[in-house]
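The following exercises concern the chain shown below. Each gives a task and then a stepwise solution.

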Amino acid sequence: MTSENRVYGHCRTCSGLGVYMDQDRKACFFLNGNPHIAHPVDFFPDGSLAPEKSKLEADSAPNPGTVKIRVTDAGSYYSNQSMHDEIFVSVQDENEDPQSDLTIVKKLGVDVKDILTAQNGGSS
Ligand SMILES: [Zn+2]
């Protein structure tokens with residue numbers, strides 16, 4: 001219910017990073033929840049960035065700890081079943097921060113194994 005008044009898209013000034021406009025707060029945020037305050041957003045709508053709840057619910061009872069990863073040129077979006085928002089980790093973050101997996105583990109509340117499984121395509 002918290003995402004009803006959000007419009008998802010990209011900020012072209014941020015090289016197309018995913019952002020959303022919060023209509024209630026009249027503010028712009030990155031997909032990881034950080035406020036977009038560095039500059040006025042150059043908003044380019046992209047509805048495909050919105051969490052696809054209907055599709056998730058249509059899946060056959062996934063485990064609560066299941067981690068989903070969406071990989072883009074800019075980086076990876078991590079999410080799990082209990083989250084409405086995705087956590088974005090840029091390619092630069094992944095390369096420069098060897099702890100980036102642990103940061104995601106903490107934010108998602110899952111096991112690091114779930115992250116590794118998802119990164120390996122869900123099977124080994
Ligand atoms: Zn921006």
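The model is predicted: local features require pLDDT of at least 70 and side-chain atom pairs count only at pLDDT 80 or more, whereas totals for chains, interfaces and linings use all residues. Residues are numbered from 1 along each chain as its sequence is written.

**Exercise 1. Classify Lys 26 as buried or exposed, and describe its backbone.**

Step 1. A residue is buried if 20 or more other C-beta atoms lie within 10 Å of its own, exposed if 12 or fewer, and partly exposed in between, with C-beta atoms placed from the backbone.

Step 2. Lys 26 counts as exposed because it has 7 C-beta neighbours inside 10 Å.

Step 3. Its position is the loop between β2 and β3; helices (H or I, at least four residues) and strands (E, at least two) are DSSP runs, numbered from the N terminus.

Step 4. Lys 26 is a residue other than glycine, yet its phi is positive, near 50°.

Step 5. Ser 15 may be treated likewise: it sits in the loop between β1 and β2, and its phi is positive, near 55°. Ser 15 is exposed because it has 10 C-beta neighbours inside 10 Å.

**Exercise 2. Determine how β1, β2 and β3 pair.**

Step 1. Two strands pair if DSSP finds at least two bridges between them.

Step 2. Six bridges link β1 (residues 6-11) to β2 (residues 17-22) in the antiparallel sense, and five residues separate the two strands of this hairpin.

Step 3. β2 is also antiparallel to β3 (residues 27-30), with four bridges; the hairpin of β2 and β3 has four residues between its strands.

Step 4. Met 21 of β2 stands opposite Val 7, and its bridge partner in β3 is Cys 28.

**Exercise 3. Describe the surroundings of Gly 9.**

Step 1. Gly 9 belongs to strand β1.

Step 2. Gly 9 is buried because 22 other C-beta atoms lie within 10 Å.

Step 3. Contact requires C-beta atoms, placed from the backbone, within 7 Å. Leaving aside residues up to four places away in sequence, Gly 9 touches Val 19, Phe 43, Phe 44, Pro 45, Asp 46 and Leu 49.

Step 4. From Gly 9 to Met 21 the C-alpha to C-alpha distance is 8.1 Å, at a sequence separation of twelve residues.

**Exercise 4. Identify the residues of the largest nonpolar core and the elements that supply them.**

Step 1. A nonpolar core is a set of buried Ala, Val, Leu, Ile, Met, Phe, Trp, Tyr and Cys residues joined through C-beta atoms within 7 Å.

Step 2. The largest has nine residues: Val 67, Tyr 78, Ile 87, Phe 88, Val 89, Ile 104, Leu 108, Val 110 and Ile 115.

Step 3. At least two residues come from each of β7 (87-90) and α3 (100-108); β7 gives the most, with three.

Methods
Contact = placed C-beta atoms within 7 Å.
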